[in-house]
Amino acid sequence: MWSFFARDPVKDFAYEILPDSQETSGIWTLHRGKRKTNGEPVSVFLYEVAQGTEQQTQLAKAAFKRMKTLRHPNILAYVDGLETEKSLYLVTEQVTPLAVHLKAQAEKGGSGELEVSWGLHQIVKALSFLVNDCHLLHNNLGVSAVFVDRAGEWKLGALDHVAPEQGDPSGVSLPTPKAVYPDMERYDPPEMSNSSGEKWAGEVWRLGCLIWEVFNGPLPRTSSLRSLGKIPKALVPHYCELVGANPRARPNPASFLQNCRAPGGFLSNSFVESNLFLEEIQIKEPAEKQQFFQDLSDNLDSFPEDFCKHKVLPQLLTAFEFGNAGAVVLTPLFKVGKFLSAEEYQQKIIPVIVKMFSSTDRAMRIRLLQQMEQFIQYLNEAAVNSQIFPHVVHGFTDTNPAIREQTVKSMLLMAPKLNETNLNQELMRHFARLQARDEQGPIRCNTTVCLGKIASYLNAGTRQRVLISAFSRATKDPFPASRSAGVLGFAATHNFYSLTEIAARILPTLCAVTVDPDKSVRDQAFKAIKSFLSKLETVSEDPTKLADMGASSSWAGWAVTGMSTITSKLIRNAPGTEGGAAADGSEPANTPSPTSATDGAPAPGRVITIDLLDSYYIVGFTMGSFKKMKMVAAQSEILSFLCQTFVPYGWTAEATGDWGAEESWESVDGNQGLSKAELSKKKREERRKELEAKRAERKAAKGPLKLGARKLD
């Protein structure tokens, strides 16, 4: 029982003083501390009774009592305290002495006028509160009485000498600052007492001393106040009023504040205005808040970093969470986010971003997509796949083209963080639909570009199933930029194709683009063809380089084997074909012409489908409907020969596979599947007549055939 009463109260104190964190602050020593329960940072002012005089102990106890009762946003905030026989502990918000802060800022290049203007505004406001509202005199105003919190806000402290303006009713008077510290006499006004002027005359004189020290350093003597030094011109007239010889002419702190806030005054700037708005933001109208956040983004670049992190950011988060501020907070939010560490960003910004993605506000969604580059690095894969991507994919089907386009572009940043299902299935499904069906050419183009850029993140199966089909489709797009994107897509992903795919599927597609109406598309096609041909030629000359090319091992099989027998068999058995092919590679005999001779209407689509299954190729021929004949070949020259032979006469090479399953056969029926699909009926008819006329001329020139001989025209 006796041990309970003998317990040391300091050990039970809820705060811990951190070692090696001592600063001198008048009769107190200032320490960094933290709350034992949650580690919240605080400052602890400690006074040791044994090390002080009786007067100092009297001042310390007076300050301890005064700190508990004075509450104002610009006065150092009391958090907790402990008074024992040996010492006094004052716990406040975490602060740094102004002198220490100014020294640190000077090493970085000095405090800006914006920061100082708002700091002085706060101190003058605190002084006005004491003088005009509480009828108290601080009696100790100076650099040593001002502290700076984490947000860069200046707080008035050192309340040791605060006393009523008419004197203490109890008759107890506190020692003056110079009685404790003789060198404090240089801050006293020239008049002996305040009786010769207004009650605030001595206070505003010391305010003038504070201003001088902020801009010029420690005040060596009272006479130094006559030299302006580095005091800004906008502040000089008002400063001179503060340190005027006539105490009756010195302005009330409230009047001084009002005069400096006039247009052109030192306290009239965007930083002070922003701070004043933030202090009253809870009572502002929604329209005013919207306008403020829009303007804030432009001003943040000139605001102090600590202010942005510790004052603006909490207000932005609160405005979004409870004030329905919407998309306008995004731009300033991401600007402030640049000042945060990775841990702080993860803790403060990411939860808000995740919540924003679930918003139905289109302005919010499009701004998030546009600025994704600023925060994607802080998002972990689990959050992207489970909380963000499911909301983002709705943008692919949005009726607003701008949202669809930004959604496609955002995949460049999001793809590396997507899981197998979202990337290789869900995203590819949306890309296939956009590329084939979106009415906006730029969106189709960007889809193709994005696919080429994220190809390295796809698994091998998806790449083989998707890339060639997608880029081939793009080369037939009516939008020139999309066709160019398809060609560039082939070139950008060249390492993902086997040599057989290059020869049989890619080069025939690119060759068709060499007659594109747009020259820029043709130029890109020629460059890509040369690149692919160079690759084929290199391995042809030296098959040992096959591994370096990352190509299929099937090269060795077709590089040394003849093809005439199988080729002839395929041509003879092709639907609509009678006999073999001409030796010179002319049109196969009886190949249906692009238009029907009976009614002049367009003929059904003619398609050769080529697919790779292990080391064999499946070649199918389609006439109008989806009837296919499958042939198996072990030599890829067959495929190239077929494409060269049939495509020029109205047939279309089509790659099979799962790429956009519902779209992959979309162009087979009708004229959409023809390589000349965009030509009019008139041009097709003219071409047919021209071919027939040339055949007739060659036949007439060669004369009648000998008996038993057969020749294809």
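Buried here means under 20% relative accessible area, exposed means over 50%, and partly exposed is what falls in between (1.4 Å probe, protein chains only).

A word on ground rules. This is a predicted model, where local features need pLDDT of at least 70 and side-chain atom pairs count only at pLDDT 80 or more, while totals for chains, interfaces and linings use all residues. Residues are numbered from 1 along each chain as its sequence is written, and side-chain values use heavy atoms, with hydrogens and water left out.

**Charged pairs**

Side chains of opposite charge can pair when their charged atoms come close. A salt bridge is counted when a side-chain nitrogen of Lys or Arg sits within 4 Å of a carboxyl oxygen of Asp or Glu. The structure holds 18 of these salt bridges, including the ones in this table:

| Pair | N to O distance |
|---|---|
| Glu 279 and Lys 125 | 3.8 Å |
| Lys 311 and Glu 153 | 3.2 Å |
| Glu 439 and Arg 404 | 3.5 Å |

Start with Glu 279 and Lys 125, which meet in a salt bridge. Glu 279 lies in helix α9 (residues 270-279) and Lys 125 in helix α4 (residues 113-133), so the pair ties together parts 154 residues apart in sequence. Helices (H or I, at least four residues) and strands (E, at least two) are DSSP runs, numbered from the N terminus.

Next up is the bridge between Lys 311 and Glu 153. Lys 311 belongs to helix α11 (residues 305-322) and Glu 153 to the loop between β9 (146-149) and β10 (154-156), so this pair ties together parts 158 residues apart in sequence. Both Lys 311 and Glu 153 are buried.

Then there's Glu 439 with Arg 404. Glu 439 is in the loop between α18 (420-437) and α19 (441-454), and Arg 404 is in helix α17 (residues 401-414), 35 residues apart. Glu 439 is exposed at 57% relative accessibility, whereas Arg 404 is buried at 5%.

Asp 188, Glu 203 and Arg 206 are linked in a salt-bridge network.

**A lysine without a partner**

Lys 289, in helix α10 (residues 286-299), is buried yet has no salt bridge. Counting Lys and Arg as positive and Asp and Glu as negative, with His and the chain ends not counted, the nearest side chain of opposite charge is Glu 285, 8.6 Å away. Leaving out residues up to four places away in sequence, Lys 289 touches Phe 277, Ile 281 and Lys 284, where contact means heavy atoms within 4.5 Å.
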